[in-house]
Amino acid sequence: MMIRSSTVKRLHLLYGASPSLGSKRRITISSAHRANQTSEESLVVVGGGAAGVYGAIRAKSVSPNLRVLVVEKGKPLSKVKISGGGRCNVTNGHCLEHKVLAEHYPRGKREFQGPFFVMHGPADTMSWFMDHGVNLKTEDDGRVFPVSNSSSSIIDCLMLEADRIGGKVVTGACTANDGKFLVKIEKRTVGFLQNVEADYLLIASGSSQQGYDLATQLGHSIVNPVPSLFTFKIVDKNLAELSGVTFPKVKAKLKPDNAQKNIPEFTQAFVFPSVFLWIRMLLVDFILDIHIEDAKGILLQHKIKFAKQKVINSFPPEFGLVKRFWKYLLDREGIDGETFWASISNNSLISLCSLLKNCSFNVTGKGQFKDEFVTAGGVLLSEISLQTMESKITPRLFFAGEVLNVDGETGGFNFQNAWSGGYIAGTSIGKQAAGVFQKANVAY
Ligand SMILES: Cc1cc2nc3c(=O)[nH]c(=O)nc-3n(C[C@H](O)[C@H](O)[C@H](O)COP(=O)(O)OP(=O)(O)OC[C@H]3O[C@@H](n4cnc5c(N)ncnc54)[C@H](O)[C@@H]3O)c2cc1C
């Protein structure tokens, strides 16, 4: 019922859908659906996240007669919604050169030295959204956000483009058979599509186990998925005030419950309230390039020079802090912001230095989000062509986004992987469907 000849120009999104490989590996096409099929080719996208929706839109725009169905088991673009503290850090505007950009992917660094980001990089992503009516801004640290400061702008744009239809709930199974993908979708609610035949399958299922299972059953190897980036739960109500404050360079030490010899250290962008792996205590050096003795000197100088100013209103620019974080430090030290610098004891200055150099946060558990921010692991990159995102194992099978063994640093790099992969996959599928695709030397 979803892909009717009368609606072939539309792109369909099914909500609540969850296709996975069935045990029988044989699927039937419902007669109602068959009867309405035309000779045009069809694409099923597993996953209505950033990569899936962007890829589907691209495929449909390259090949308008391609029948496109996006199957989503939950709410489409739900991670876009919560990303970047609700603002959606779409991409990174300081890493436009593809080799520089590739360095920001702990997994993918080597493979992304190739044409992946040349075909669709941050500048292309920004142009795409701007051309589709979303005004973007690049913040000082390179993170790109909608001017509205709301992820809804991105979602509305994509959903408008996708020309979505109403929410549905389906589960299903999918396999490749005689060069076609036969997708069985079990009925969960009345009036639902049960079976779909697809010429192209794009798996953009993020870090979902079902997506990995699907890939495995279609011949792919999975690198064991592990959390690469997630939030810590730190009970400190004053941290809420710091939401969105970013430090481009800090050193973070993670202390486990039981003393470990090699405590890992990280120097990366640091976004409140998110950080890195495991652990019971987090120790952060916020002024990495300033020695503690120099920091004390800076504070003492400031005290002398600004003796008649209130501490909340004046703080050393050398530390590169924002006022909200300075206030946080004062509160932690129990210093009233209305106090004049002249009245601040030298002991308090030393304590402030210690906080800047070795600020401790007690970690009480994993963050509030069920899902990891980013999962490392997934489909082996060597098994797909990054020029087309097509499987080297199963023709007409494509992958994009976090389902791949890729993970990026914070700063918009993970979405960029999703946009690039989705776009390239969509282009390849669209071109194949339109019959103008040439296997080699494709000009994008
Ligand atoms: C809290 C949070 C904040 C983040 N902030 C940022 C940020 O600001 N910038 C950034 O670059 N990155 C950010 N990320 C990471 C970013 O969201 C992901 O890298 C990105 O969403 C990956 O896109 P994707 O389309 O590959 O996967 P997803 O967005 O995870 O989409 C996959 C979709 O597939 C669906 N699905 C899975 N299995 C099935 C199935 N069997 N059938 C049907 N549907 C299925 C899922 O329900 C999901 O909607 C954030 C992540 C989180 C969790």
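**Exercise 1.** In this predicted model, find how many aromatic pairs there are, and describe the pair formed by Phe 112 and Phe 116.

*Solution.* The count comes to 18 aromatic pairs. For the pair of Phe 112 and Phe 116, begin with the separation, which is 4.4 Å centre to centre, and then take the angle between the planes, which is 5°. Since planes under 30 degrees apart count as stacked, this pair is stacked. Finally, turn to accessibility: Phe 112 has a relative accessibility of 0% and therefore counts as buried, and Phe 116, at 1%, counts as buried as well.

**Exercise 2.** Work out which parts of the chain are tied together by the pair of Phe 315 and Trp 326.

*Solution.* Next locate each residue: Phe 315 belongs to the loop between helix 9 (292-305) and helix 10 (323-332), whereas Trp 326 lies in helix 10, so the pair ties together parts that are 11 residues apart in sequence. Both residues are buried.

**Exercise 3.** Describe the largest nonpolar core and the surroundings of Ile 154.

*Solution.* Start with the core itself, which has 73 residues, and in which Phe 129, Ile 154 and Leu 158 have the most contacts. Helix 12 (residues 413-434) gives the most to this core, contributing eight residues. Then consider Ile 154: leaving aside neighbours within four places in sequence, its contacts include Val 80, Phe 129, Pro 146 and Trp 419. Last, look at the rings, where Phe 129 and Trp 419 belong to a cluster linked by ring pairs, together with Tyr 54, Trp 128, Phe 415 and Tyr 423.

Notes:
Residues numbered from 1 in each chain as written. Predicted model: local features only at pLDDT ≥ 70, side-chain atom pairs only at ≥ 80, totals over all residues. Heavy atoms only, no water. Core = buried A, V, L, I, M, F, W, Y, C linked by side-chain atoms within 4.5 Å. Buried < 20%, exposed > 50% of the residue type's maximum accessible area, 1.4 Å probe, protein only. Helix = DSSP H or I, 4+ residues; strand = E, 2+ residues; numbered from the N terminus. Contact = heavy atoms within 4.5 Å. Phe/Tyr/Trp six-rings, centres within 6.5 Å; stacked < 30°, edge-to-face > 60°.
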